[in-house]
Amino acid sequence: MSGARRSARGAAVGLALVALAGLVPAGCGTEPAPPGVGKQRYLDLVKAALTDLLYENDPRIRARLAGDLSFWQAVLRGEKFDYPARAHTMIGTARLDNIQELVEDVIARGVPGDLIEAGAWRGGATIYMRAVLEANGDTERVVWVADSFEGLPPPDPERYPADEGLDLSEVDALAVSLEEVQRNFERYGLLDERVRFLKGWFKDTLPGAPIEQLAVLRVDADLYESTMDALVPLYPKLASGGYAIIDDYKIIPACKKAVDDYRAANGITAPIQSIDWNAVYWQKE
Ligand SMILES: C[S@@+](CC[C@H](N)C(=O)[O-])C[C@H]1O[C@@H](n2cnc3c(N)ncnc32)[C@H](O)[C@@H]1O
């Protein structure tokens, strides 16, 4: 057997073994994967990298990121709560799946507008938004990443009584710089001109932000004040048929109250849908 033929056969055997191990799509190198399989494998891999579920992790954080409710029950019992050491998002797979479902839905129905997250931390949810656009061949929509990039403001209970006692401003783990978030986008090959950053407190950056229309508005800002500062300027820009997603609605009473107050003040009656133990969304009518 010639050296060339031997190495061709060796490569084929190698590929078959890799495919058997499930490391590349079955049929890779011989026949194309069925439509959609490559896309979903790409997104699943991005999701596993963003959540750090690709690697070993603190088992309690791993359980949380994988969406295991029993972990949350443990937290409610007063066991240690911590932020993931390496993951680029803290929202876990169920909420990433929700982002994919809603972004693909607005693309399929032609709902106009960009995507935004107010409260981005290490950027993971917005990286996933950009990945979903990429995987679906969307070449128009922009992903907006709004954050102070220095953590949460201290609560102002005189103006926002619901925030009394909710001081996360000293939590260093919540302060992630703009440069670090940009580097995280770069690691996935997803930093380009269709990712735009709004750096500063929401009350300063969002009212004048150069956003024309939104198809998906995701708010993950914990405080009553921050949640309201995001909804007031951004919700009117959400297109009819688009989606509002609220992280922490089920677990932070101040966040829930801001959303409930905003909906009541603006006559929003669209039913609130549950995502997991933490988050909700609704579709704008
Ligand atoms: C819980 S973290 C967001 C987690 C993130 N969505 C993820 O995928 O992991 C909350 C973020 O909101 C930001 N934030 C909260 N209130 C803010 C405000 N008023 N203005 C700007 N950023 C704010 C914090 O800096 C922090 O990065």
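**Sheet arrangement, an edge-strand arginine and the ligand shell**

Strands E4 (residues 214–219) and E5 (residues 238–246) pair in the parallel sense over five bridges, where pairing requires that DSSP find at least two bridges between two strands. Strands (E, at least two residues) and helices (H or I, at least four) are DSSP runs numbered from the N terminus. The model is predicted: local features need pLDDT of at least 70 and side-chain atom pairs count only at pLDDT 80 or more, whereas totals for chains, interfaces and linings use all residues. Residues are numbered from 1 along each chain as its sequence is written.

The open sheet comprises seven strands in the order E3-E2-E1-E4-E5-E7-E6, with mixed pairing. E3 and E6 (273–274) are at the edges and have a single partner strand each, so one side of each is left without a neighbour in the sheet.

Arginine 196 lies in strand E3 (residues 195–199). Arginine 196 is partly exposed, because 15 other C-beta atoms lie within 10 Å (buried, 20 or more; exposed, 12 or fewer; partly exposed, in between; C-beta atoms placed from the backbone). Leaving aside neighbours within four places in sequence, arginine 196 is in contact with Val142 and Trp144 (C-beta atoms, placed from the backbone, within 7 Å).

Around the ligand there are 23 residues, of which Thr89, Gly119, Trp121, Ala125 and Ser226 come nearest (near: C-beta atom, placed from the backbone, within 6 Å). Helices H6 (124–135) and H9 (224–234) each supply at least two residues of this shell.

Key:
Contact = placed C-beta atoms within 7 Å.
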